[in-house]
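Here are my notes on this one, point by point. Have the model open while you read.

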Amino acid sequence: KIQFSTGLRPAIEKADQHADRDAPVVVASVQTLQRQRLRSWGQDHFATIIIDEAHHAVSGTYQCILNHFNDAKVLGVTATPDRSDEKALSTVFEEIAYEISLPDLINAGFLSQIRCRMVPLKIDLNGCRRSVGRYRDDDVSAVIEPYFDKVLNSVAEHARGRKILVFLPLVSASQRFAQMACEAGFRAEHIDGSFSRADRQAALQRLKTGETNLVSNAMLLTEGFDEPSIDCIVNLRPTGSRSLYAQIIGRGTRLHPGKRDLLILDFLWQSERHRLVQPATLIAESEEEAAAMSRAIEEAGEIDLGEAKNIVEAQRLEALKKRLELNSKRRSREVNPVRFKPLIKKAWRDEPMSDKQRQALRRAGIDVSKVRSKGHASDVLGTLAERRKKGLATVKQVKQLRRFGHPNPNAATLKEASAFLDSKFNRKARGFSPPNR
């Protein structure tokens, strides 16, 4: 994909492949580089390190690499910037350069619409033991296997004609599910980590072409697996980790010609001891909203995830309206404004940006079409004010610095930027004095 997007042909450092030291870009397996070959690379060899799935960057394997190339700039990219162990990514990264929400990506046409179908199987997990804060896979497998036939009936009813990816807790459970799926008339197969590279690629190629329409796995095809034509996810591995759940669902959110949407078949996991992640958690702004959205999905049977959020928002606004009407009939009294702080904050932040904000952003050289709301505009203007306070280059200067190949345009001071651009434009030689900024 790097080659497709940039024209640069990367070298690969992985397994039996060794990267040419003159290559402009090297794509490396973290395990291979960290275990075997790190010392063969000079500490100053790379100017920039880009980490995909950057939520792993706090782990020891990644830290070993980053400590070796300790002068390189580091960019992290991830769709799941949270960790179930709550280790802070701020120990590796200094600031969030850019972020965008799942609903924004869907609405902008970068990801597929997501529909949720609640499968009314009440699977009781309360007898399952837990280890390291999560249910033991063998216990979960024993609980869910008796439901395989009912799950397959639901898949046949609601996902006919779709390309289906199934996640299970154990390899043996995945094998059993694939076998039962074949007996039920699906073109199904199982895949796991014991497969040779050739066998795994062959199985995934059959899924790609449609020769297979259902693949089950035991948590093998999460990160790094990309088959955009998948349009149904069946998750039979309950989890309390939002990031893991997002990785599972993310296997089906890619766009593909002819693909209408992604269907998530969700189940009524019964658990008194462990909060489990459901589809609503992917876009809800609070646990309360997630619970309300889950109820809306359950009541609707099948519904678009964004529509479920809109229903909950409408219900919230209607309840607020009734509460305000009731309050208007009460005797006036003083109210602690702190109680209403979240509501006030959300109300103004979601409004369209003001004309004054739009003018200020344009004067600064900001593309206002990329600014989503009054709150977003306020954040951008705050960042610009902070840059001015620190004496850093203006946005317009940064664009010119980047154009002329400045090594670090975002960190250049106003004075440094002026001197660099003067040298490029040769203003002084022509007797030109730049205007006061």
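1. A residue counts as buried under 20% relative accessible area, exposed over 50% and partly exposed in between, using a 1.4 Å probe and protein chains only. On that scale, 38% of the 437 residues of the chain are buried. Bear in mind that this is a predicted model, where local features need pLDDT of at least 70 and side-chain atom pairs count only at pLDDT 80 or more, while totals for chains, interfaces and linings use all residues. Residues are numbered from 1 along each chain as its sequence is written, and side-chain values use heavy atoms, with hydrogens and water left out.

2. On the overall make-up: the chain has 16 helices and 13 strands. These are DSSP runs numbered from the N terminus, with helices being H or I of at least four residues and strands E of at least two. Contact here means heavy atoms within 4.5 Å. Of the contacts in the chain with a separation of 6 or more, 62% are between residues 24 or more positions apart.

3. How do α15 and α16 pack? Helix α15 (residues 395–403) and helix α16 (residues 414–425) meet at an angle of about 45°, and their axes are 10 Å apart. That angle makes α15 oblique to α16. For the record, axes are lines fitted to C-alpha atoms, for helices over the stretch in contact, and angles run from 0 to 180 degrees between N-to-C directions. Under 35 degrees is called roughly parallel, over 145 roughly antiparallel, 65 to 115 roughly perpendicular, and the rest oblique.

4. Staying with that pair, α15 passes α16 in a left-handed crossing, the term for a near helix turned anticlockwise from the far one by less than a right angle (clockwise would be right-handed). On the α15 side the contact uses Q397, Q400 and L401, and on the α16 side L414, A417, S418, F420, L421 and F425. By class, that is 6 nonpolar, 3 polar and no charged residues. The classes put Ala, Val, Leu, Ile, Met, Phe, Trp, Tyr, Cys and Pro under nonpolar, Asp, Glu, Lys and Arg under charged, and the others, Gly among them, under polar.

5. Next, the salt bridges, of which the structure holds 18. The criterion is a side-chain nitrogen of Lys or Arg within 4 Å of a carboxyl oxygen of Asp or Glu. One of them pairs R129 with D139, with the closest N and O atoms 2.9 Å apart. R129 is partly exposed at 44% relative accessibility, whereas D139 is buried at 13%.

6. E189 and R206 form another salt bridge, 2.9 Å from N to O. This one ties strand β9 (residues 188–191), where E189 sits, to helix α8 (residues 197–209), where R206 sits, across 17 residues. E189 is buried, with 16% relative accessibility, and R206 is partly exposed, with 28%.

7. D226 and R254 are worth a look too: their closest N and O atoms are 3.3 Å apart in a salt bridge. Both ends are in loops, D226 between β10 (214–217) and β11 (232–235), R254 between α9 (242–250) and β12 (262–270), 28 residues apart. D226 is partly exposed at 32%, and so is R254 at 28%. Through shared partners, salt bridges join K1, D226 and R254 into one network.

8. Is α9 enclosed or open? With 7 of its 9 residues buried, α9 is largely enclosed by the rest of the structure. The buried ones are S243, Y245, A246, Q247, I248, I249 and G250, and they pack against β8 (164–167), β11 and β12.

9. Finally, two single residues. T32, in helix α2 (residues 30–37), is buried at 7% relative accessibility. Leaving aside neighbours within four places in sequence, T32 is in contact with K14, A15 and R37. S141 lies in helix α5 and is buried at 2%. Not counting residues up to four places away in sequence, S141 touches P169, L170 and A173.
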